[in-house]
Amino acid sequence: MSSSVSLELKQRIKEAIDIVELVGRMIPLRRQGRLFVGLCPWHDDTHPSLQVNPERQSFKCWVCDIGGDVFTFVMKMEGVSFPEALRILADQAGIRLTASVSGGLSGTQKQDLYQAMAWAESQYHGALMHSAEAEPARRYVAERGLHLESIQKFRLGFAPPSAAWVLSRLGLGSPTAPMLEKVGVLVRSSFGPGWYDRFRGRLLFPIRDWQGRPIGFGGRLVPGVDTPQQAKYINSPETPLFTKSRVLYGLDLAKEAIRRTKQVLVMEGYMDCMMAHQMGFDNAVAVLGTALGEEHIRLLRRWAERIVLVLDGDEAGQRRASEVLSLFVSQNLDLWILTLPEGMDPCDFLLQRGPEAFARLLETETLDALEHAYRIRTRNIDIRRDIQAATAALESLLEIIACAPRLREDSPQQRLLREQLLLQRLAEQFRLPEQLVRNRLTEVRRRLQRRAELAAGRIRGTTGSPSPSTPGRLDPVERQVLVLMLRFPELAARIAQQFPPEAIQHPWARQIYWTSCQLAEAGQLPDFHRLLLEFEQPELQNLLVELDEEGLAQNIHDPLELLEALKQCYFRRATQLEALVRTASLPPDLARPEDEHQWLRQLLQQQRIRHGITCPTEGKKSSLETSECNGLPD
């Protein structure tokens, strides 16, 4: 159900944002009948499969099964949570948010923090450019080969060694000391009242979000500047604006080049990123002292189709490349690795050998992540003779592939082809029959699944029953009940009398059904638009759009006749299940009625799965034409 965000607020934002205009700013759309269509950004789309419905203010891609409203689109496109999507759309709509819906901060309060960071960035940048105390920092930057244009482009700064320098700059129109403490610029003294500058004596690299707003700083000690701090590099702490695992340095400056080239160069240091831009590689970004992670991937996939991880040529760089291989598989990602020669970092390489040599390396020396991992794991191994070591290397690679979501026949063709090519390459590299590698992958997956189930069972203290959050498959009767309720919301109360909420087994379907029943009981119409406001989870909104489109496509002449047929189908199934239960013997150690009831429920579920009574389906099409459900109207 909806969180603390009021339905009225969400409705105001949705009414102010036209989904066709929103999607059209990022994806070219063309009208097709009552819909607009465009190439889906979430899979390799050649024929427009993304549909935008201006009447329902919803979108849906039937290939990769993603859909929802304006909030869902921003969440998926920008890789953000619902509160952040709400804030982005509220900003576009000119609607102010209260503190209760923006992570404890109102829109005005958060804007004040952005302004505080912008003020601090300006003060530090001015100090680097003009302060006499910054001479060692200017000399260091010049020695590293950075031009004035790069310093100004990235707004480099300097924090003078005085602990009170920032405090001395406060005055009319400046932020307050507590506000600067909240964004991590000042630190409250533990030896008495007052604050001191967190970054004193350091060269500062302003960190901005993808929209170009300052949110933090990275600070480096400067040779020749006396400071009590010892760590060579420090970053801003976690603040309401800054979470380093979700930020990439330079992305605000690189995103247009990334969008244009469809490729991003991910480096490991601020200087590496700046030098790349200075040398003409405007699609370079840098991680902030962390490994490339899933949050970074989600962020980059908005603009990039290919990610090149540029690593130092040392042993640590090799290990980091190996660690990100799982992202390559689990995220269905086109990830490539460039390892620089002779232990050099990108900044030194570009300065010493120039942009042409770097471009040649990108063209000729990059390896896709699987090839890189294969070389790392088979280094110094004779594949033909050292059977034990070769087997261990293959197992290691198969375990990584096995961790990816398992593909089915109805999975997107791109992912099916990708896994097929991966297995073909492994078979060729290890000189094994492809079918043998496939069989071994199946065994590894089963082993990992058993391990996960045992771990889950230990955590819950059970034998590992499925998690209630696991979506599973939507039963055709359940599906049609929801379609009927969405198509004829005025019948919700009557449908609720025929089907109690516990009759709906699928966890997402039950949430939608239960919410519809609650709204109907409260005298409110549970139509499609109201239900979209009720749910913030993308998977629930996607299911709602799918069911709504299905209902609009169905020619239901008599909803009451359909309701009666669904009820008969449901009770016929219940009778079959009861017959199955009567043929089973009750364990003798169950003495209490509540134990018997629990056992019967478990047995019912087991028998349903074993005998296929639920006739599960997936996808857009309903399966009411299956044998159990014959006789229902079209």
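Visitor: At what angle do helix α16 and helix α17 pack, and how far apart are their axes?

Guide: Bear in mind that this is a predicted model. Helix α16 covers residues 369–377 and helix α17 covers residues 387–402. They pack at about 150°, and their axes are 10 Å apart.

Visitor: Why is α16 called roughly antiparallel to α17?

Guide: The angle between them is about 150°. Angles over 145 degrees count as roughly antiparallel. Therefore α16 is roughly antiparallel to α17. The crossing of α16 past α17 is right-handed.

Visitor: Which residues of α16 and α17 meet?

Guide: From α16 come L370, A373, Y374 and R377. From α17 come A393, S396, L397 and I400. By class, this contact has 6 nonpolar residues, 1 polar and 1 charged.

Visitor: At what angle do helix α11 and helix α15 cross?

Guide: Roughly 35°, with the axes coming within 7 Å. Helix α11 is residues 270–278, and helix α15 is residues 346–364. M271, D272, M275 and A276 in α11 touch P346, C347, L350 and L351 in α15. This contact divides into 7 nonpolar residues, no polar ones and 1 charged.

Visitor: Where does S150 sit, and why is S150 called buried?

Guide: S150 belongs to helix α7, residues 148–153. Its relative accessibility is 6%. Buried means under 20%. So S150 counts as buried. Beyond its neighbours within four places in sequence, S150 contacts M274 and Q278.

Visitor: What makes E149 exposed?

Guide: E149 is also placed in helix α7. Its relative accessible area is 56%. Exposed means over 50%. Therefore E149 is exposed.

Visitor: Why is T239 called buried, and where does T239 lie?

Guide: T239 has a relative accessible area of 11%. That is under 20%, so T239 is buried. Its place is the loop between β11 (233–235) and α10 (251–261). Apart from its neighbours within four places in sequence, T239 is in contact with K182, V183, G184 and I215.

Visitor: What makes the pair T239 and F242 a polar contact?

Guide: A polar atom of the T239 side chain lies 3.0 Å from the backbone nitrogen of F242. The cut-off is within 3.5 Å, so the distance meets it.

Visitor: Is Q57 buried or exposed, and what is its phi?

Guide: Q57 is buried, because its relative accessibility is 18% and the limit is under 20%. Its loop runs between β3 (50–53) and β4 (58–61). Phi of Q57 is near 55°, a positive value in a residue other than glycine. Most residues other than glycine have a negative phi.

Visitor: Why is D65 called partly exposed?

Guide: D65 has 41% relative accessibility. Buried is under 20% and exposed is over 50%, so D65, in between, counts as partly exposed. D65 is found in the loop between β4 and β5 (66–68). Phi of D65 is near 60°, a positive value.

Visitor: What makes E419 buried?

Guide: E419 has a relative accessible area of 17%. The cut-off is under 20%, so E419 is buried. E419 lies in helix α18, residues 413–429. E419 and I401 are 18 residues apart in sequence, and 8.3 Å separates their C-alpha atoms.

Visitor: How many helices and strands are in the chain?

Guide: The chain has 26 helices and 16 strands. Of its 634 residues, 50% count as buried.

How values were computed:
Residues numbered from 1 in each chain as written. Predicted model: local features only at pLDDT ≥ 70, side-chain atom pairs only at ≥ 80, totals over all residues. Heavy atoms only, no water. Helix = DSSP H or I, 4+ residues; strand = E, 2+ residues; numbered from the N terminus. Buried < 20%, exposed > 50% of the residue type's maximum accessible area, 1.4 Å probe, protein only. Polar contact = N/O pair within 3.5 Å; in protein donor to acceptor, adjacent residues only side chain to side chain. Contact = heavy atoms within 4.5 Å. Axes fitted to C-alpha atoms, helices over the stretch in contact; angles between N-to-C directions. Parallel < 35°, antiparallel > 145°, perpendicular 65-115°, else oblique. Left-handed = near helix turned anticlockwise from the far one by under 90°. Nonpolar A, V, L, I, M, F, W, Y, C, P; charged D, E, K, R; others polar.
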